[in-house]
Amino acid sequence: MSKYQLTLANRSIEWGTQFDINPLVGQFAEKSIKPHEENGSFDWDLPSGVYQAKDIVRELNILLEAIMVQLGEAADSKALLDNIEANLAISGRESVLPLGQLSLNDTSGIELTKQAKSIGKTLTRWASEFNSQQLALKEYGKAVLNSLNFRSHCDNHPWTPKVANLLLGSAGSPTVMQLFNEYLHQLVLLRDALIPFENWKEIPIKIDERNSSKGLRFMEQAHSEFLYKLFGKRMSHKAIVKFAQSLLSSDLTTVGYGFQYHLGTILPASLGALPATAPKYLLYWHPVWTVVYDNFDVSIPITFNYEFPDYLSAPRSNAGARQIASELDVLNQKLENVYKAQILTTGNQKSAVLKYHIQLGSNDFSVDLGQVFRGQRFMYRPATNSKSVSGAHSEKPADFKEHHAWDILETPGLITNESGNHLISSRGNYLILWALLGKLYPENVIILNSLSEEEFKAANITGKGFGAKFLIH
């Protein structure tokens, strides 16, 4: 198997062993509907197997089609689908996750709100498409769907007035109400479980029917904890990773900044993108086994931990200055010629530390990958649209002490200083920029778009307002 690569322009990040997930997805040994042993009716569950989001919506459609059959001539697919759309919306009376009304304005809240809105719309569209195809009716027949009957505990998902009249009216029944409740609840669990992932459509999810919980209900406790932190505006990167593990690898008992499970690697979504514009809190699934033990062609669940869980206690060094100006042209050329970074692994069978590795000429530099992600999450962008900047045109840009990226990378520990403004160039190489984010103490680091006067003025009023300030361009 080949190494896995993330490529942007003509540069790449390489690691692990790439694999093809497609042969595993959608292969189920059993069907979703099975007969009850005692009374001749039928039960539903997601059969054991590997799913992607669209596969789960297709299997959930069986419940919606059974509802339509059991309602008979009174069936109104548009009303039922409209109710689903209202439940999955992020605002409105029937919204189960009213993030639009909550107006979260922190970075994690903004990213998760955008995800919830987008995923909800897509799941609603897929639900409508599958229902129009009547796949369940063709596979199981009207008699089986009419006999689908199981207990579903009420989850208090609001109904629209039209659906309430339909399900509580003469055509409705306790069975139909419970089928609709289960359908709504499974879709809500699916939407919320996918929120942390930028490439949520691709993620392979393993369902084990032996867990005794119907469908996705095995993650209800983790789901409640996630919503508690989200609504309480206490969402952290660690909480997002923990929620992701509850869906993909619940057997992991520790939480880091990412993890590996049997079907791939989960890391922050910023990897392989431009740090200045990439998401800060979302995650990304990669079809790669980052850690493989004993030369077996299989991976194990493993947590990716920071080298220093508490970066406040990590060793630090003050930024120095290169004295020999004649070396700069050669060093700058070496920075520009870095076209590949590698992720290297150290650790044991429970947790691993990943190193972000680059080679500059004959010199190797490695920084903790977890610290790279920390640096990207905590970085600032110049506040170029603020009123304070427009009113600062008469001010001169502050003086900056320049440092060479090579010196920063070869100095041990996290780089800081007691005071002053410090400028470092990545020579337009985002691989070098990533490495610098992993080396600088992540407190007052600003990524510049350019070296314009306006950008420097904006940088003057960006950050914490105290202590040393590091600018990277």
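Analyst: Helices (DSSP runs of H or I, at least four residues) and strands (runs of E, at least two) are numbered from the N terminus. The model is predicted, so to speak for local features a pLDDT of at least 70 is needed, side-chain atom pairs count only at pLDDT 80 or more, and totals for chains, interfaces and linings use all residues. Residues are numbered from 1 along each chain as its sequence is written, and side-chain values use heavy atoms, with hydrogens and water left out.

User: What percentage of the 473 residues counts as buried?

Analyst: Burial goes by relative accessible area: buried is under 20%, exposed is over 50% and partly exposed is in between (1.4 Å probe, protein chains only). Go through the 473 residues with that rule, and the share that counts as buried is 53%.

User: And what share of the contacts joins residues 24 or more positions apart?

Analyst: A contact means heavy atoms within 4.5 Å. Take the contacts in the protein with a separation of 6 or more: the share from residues 24 or more positions apart is 72%.

User: Which residue in S19 is the bridge partner of His 403?

Analyst: S17 and S19 (residues 421–425) pair in the parallel sense over 4 bridges. Look across from His 403 into S19, and its bridge partner there is Ile 424.

User: Is Ser 270 buried or exposed?

Analyst: Ser 270 sits in the loop between strands S9 (264–268) and S10 (283–286). Leaving out residues up to four places away in sequence, Ser 270 touches Ala 278, Pro 279, Phe 373, Gln 376 and Trp 434. Its relative accessibility is 1%, so Ser 270 counts as buried.

User: What is the phi of Ser 103, roughly?

Analyst: You'll find Ser 103 in the loop between helix H3 (99–102) and helix H4 (107–133). With 48% relative accessibility, Ser 103 counts as partly exposed. Ser 103 is not a glycine, yet its phi is positive, at about 55°.

User: Which loop holds Asn 156, and how does its accessibility class come out?

Analyst: Phi of Asn 156 is near 60°, a positive value in a residue other than glycine. To find Asn 156, look in the loop between helix H6 (142–146) and helix H7 (161–168). The relative accessibility of Asn 156 is 66%, so the class is exposed.

Key
Pairing = 2+ DSSP bridges.
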